[in-house]
Amino acid sequence: MGNAPESGDEDDPDAETDGGLRAYTVRLELVDEPGELLRALAPIADNGGNLLSIHHERGNITPRGHIPVEVDFECPPDRFDDVVEGLRDAGVNVIQAGAEHYGEAVNVVLVGNLVETDLSNTLSRIEDEADAVVQDLSLAAPEGTDGISSARARLAIDSGRSGDVLAAIRSIGTDKELTVVEPLLGGEA
Amino acid sequence: MRLAILGAGDVGRSVADLAGEYDHEVVALADSTSAAVDPDGIAVADVLERKAGGDPLGTGSPDDVFDTDYDVLVEATPTTLGDAEPGFTHVQRALEADRHVVLANKGPVAERYEELRALEADSAGSIRFEATVGGAIPVLSTIEDCTPQAVTAVRGVLNGTANFILTRMAAEGLDYEHVLGEAQDLGVAEADPTFDVDGTDAALKFVILANVLADGGFSLADATVEGIQSIPGSALDLAAEDGRTIRLIGEATRDGVRVGPRLVPENAALAVTGTRNIVQIETRHAGSLHSSGRGAGGPETATAVLSDVGRLPPL
Ligand SMILES: NC(=O)c1ccc[n+]([C@@H]2O[C@H](COP(=O)([O-])OP(=O)(O)OC[C@H]3O[C@@H](n4cnc5c(N)ncnc54)[C@H](OP(=O)(O)O)[C@@H]3O)[C@@H](O)[C@H]2O)c1
C-alpha cells in the first residue's frame, strides 16, 4: 500500500501523490562567525526539512576564507526548492544543491529479541533481500541483550523502490518474529 | 425531524440532550432493557435523570421504539464485530419502514456495508454515519464534498487512547504497561482497552473509509492490523534520535486497509499529541487536506450525529 507514484490509481496516472520524504545534500559556504551555522540551518526546518547530518569542514577554508559545510537533510520533494530558496534568501551561499547522495533513504525501527535472533544476520538479510544499504544503526537494549530491544536503521535504497523494500523487510520481520515499525511514506505526513 | 434513539450510553444520551438545540424532537430513547416513548416528544431531562438514577427510562420496552412515528432512527448501541448485531437488525427494521437511519455504531457500516446499501436502495429512507469515523471531525462529509472518486487515500490517527499512550511513552520515556495504567486511571483508556491498543477500533474506522472510497468491498477481515502493545519505550527513544516518533496510523485506499505503528516526523501534521485525532484526505486535484479534533466523547460524537440528521432530505 505504499504510495510510490506508480502505485497510484490506474484510472488516472496523474493522480497527485505527495511522495514520501527524500534525502538531499546541499553544500554551503559559511562565514567563520559564531552563530552562523545555526542561522544558516534555520531555513531548512522552516521549510519542512528534517536535518540528518552536518559535515563541518573547519580545517578546509575556501580561497574566499569561507568554511564549506555539507548538510544532509530530508524533506518532501516538492519542498526542496523552497528550502534552497529559503537558504539563499537568508544570505547563505549555496554551492551545490540537489546532487542526491543516494536515491532515497528510509528509516525503520525493529523491535524484538534482536540479539537472540542474530541482529547482524537480520541486517545482512535486509541488505540482500531488500536490496538496501544499511547506512546507520542505533541499538537500545534497556533490558540487556536477552530481552526486548529496539534498533533503528537508516537504509539507502534506489529511488522509487521504497514499497518493495519495506515489503521485503516486513517479511524478514515476520520470519524472525520482530515488529517492524515502518515509515509512513504517503502524503505530507 | 423526529428522532428515535437506540442506545442510552454516552452518545445516545448526548444526542437526546442536544437534539433540541438543533431543532429536532426526541420521540423515543431506549437502552438495553427499557424505553421512553412519546409521539409528542419525551421529556428528555426527566428521562436522563431516571437513567442517571439507575431507573428504567420509561414504561416501554426497547422494541416499542419501532412502533412509534419517527423520521430518523439514531443507532447508538454497542459496536459489535462479525454480524454487527443487534445494530444491523435495528437499521434494517428502520429502512424497511422507509425511515432514515443515522449511525454512531461502527459495526454495521464496517462489517456489512453492501447489505446496508442494498437495504437503503429499496427504502425511501437513507443512511448516514459521520459519527462512526473521527467523532466530531467532519471526515465523511468532507469526502462527500470532494466526491469519493476524487479522494485517493485517507490516512491518520483515529484512536485517541492509543495516541495518548504513545505520546506519553515518548514524552516520559515510560513503558507501555506503565502508561496504560496511567491512562486507565485518567479515564482515557477503558478497563478493557483491547480494541483501542490492538488497532481494531481504528481499523473499523478505516474499513468504513475504504468502503466509502470504493463503494463497498471491505470488512475488518480484509484489513491488515497491528497494535501498539509490542512497542517498547526504547523504540520511541530511537525514533526521537532521528526527529521522528511512532504513531498508530491507519491508511485506507481502494486497494485496502492497513493500521499499524508507523514512523512519522515529530513535526508532521499526523503526529498529533494526546487523545487528539487527525485525518489526512489525499485528493486528486487539490493535494492533501487535514482536519483534526476530538475523535470521541458523548457530546463530540452527538454533534456529528446531529449534523447528519440535518443533511437528511425530508421523508
Ligand atoms: N463514545 C464515543 O466517543 C463514540 C464515538 C464514536 C462512535 N461511538 C459508537 O457509538 C455507539 C454508542 O457508544 P457509547 O459510548 O454511547 O456506548 P455505551 O456507553 O456502551 O452505550 C451503549 C448503549 O446501548 C444500549 N444498548 C445495548 N443493547 C441495546 C439494544 N439491544 N437495544 C437498545 N439499546 C441497547 C446500552 O444499554 P444499557 O444502558 O442498558 O446497557 C447503552 O445504553 C457505539 O457503537 C460506539 O462504538 C462511540
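**Note on the A–B interface and the domains**

1. In strand S10 of chain B, Leu263(B) is the bridge partner of Pro183(A). The two strands involved, S8(A) and S10(B) (residues 256–265), pair in the parallel sense over two bridges, where pairing requires that DSSP finds at least two bridges between the strands. Strands here are DSSP runs of E with at least two residues, and helices are runs of H or I with at least four, both numbered from the N terminus.

2. The model is a predicted one, in which local features need pLDDT of at least 70 and side-chain atom pairs count only at pLDDT 80 or more, whereas totals for chains, interfaces and linings use all residues. Residues are numbered from 1 along each chain as its sequence is written, chains are lettered from A in the order in which they are written, and side-chain values use heavy atoms, with hydrogens and water left out.

3. Between the chains, 35 residues of chain A are in contact with 35 residues of chain B, contact meaning heavy atoms within 4.5 Å. The area buried between them is about 3,000 Å², with carbon and sulfur atoms giving 52%; buried area is the accessible area (1.4 Å probe) that two parts lose on being put together, summed over both.

4. Four salt bridges are counted between chain A and chain B, a salt bridge being a side-chain nitrogen of Lys or Arg within 4 Å of a carboxyl oxygen of Asp or Glu. Arg152(A) forms a salt bridge with Asp242(B), and the closest N and O atoms of this pair are 3.8 Å apart. On chain A, the side that touches chain B receives at least two residues from each of strands S2 (50–56), S5 (104–112), S6 (133–140), S7 (149–157) and S8 (179–183).

5. Chain B is divided into domain 1 (2–135 + 298–311) and domain 2 (140–294), with bounds that come from an automatic or database domain assignment. The centres of these two domains of chain B, taken over C-alpha atoms, are separated by 27 Å, and 17 residues of domain 1 are in contact with 22 residues of domain 2. The area buried between the two domains of chain B is about 1,600 Å², of which carbon and sulfur atoms give 63%.

6. Across this domain interface of chain B the rule finds three salt bridges. Lys106(B) forms a salt bridge with Asp201(B), with the closest N and O atoms 3.5 Å apart. Helices H4 (107–111), H5 (113–121) and H12 (298–311) of chain B are the elements that give two or more residues to the side of domain 1 that touches domain 2, and H4(B) gives the most, with three residues.
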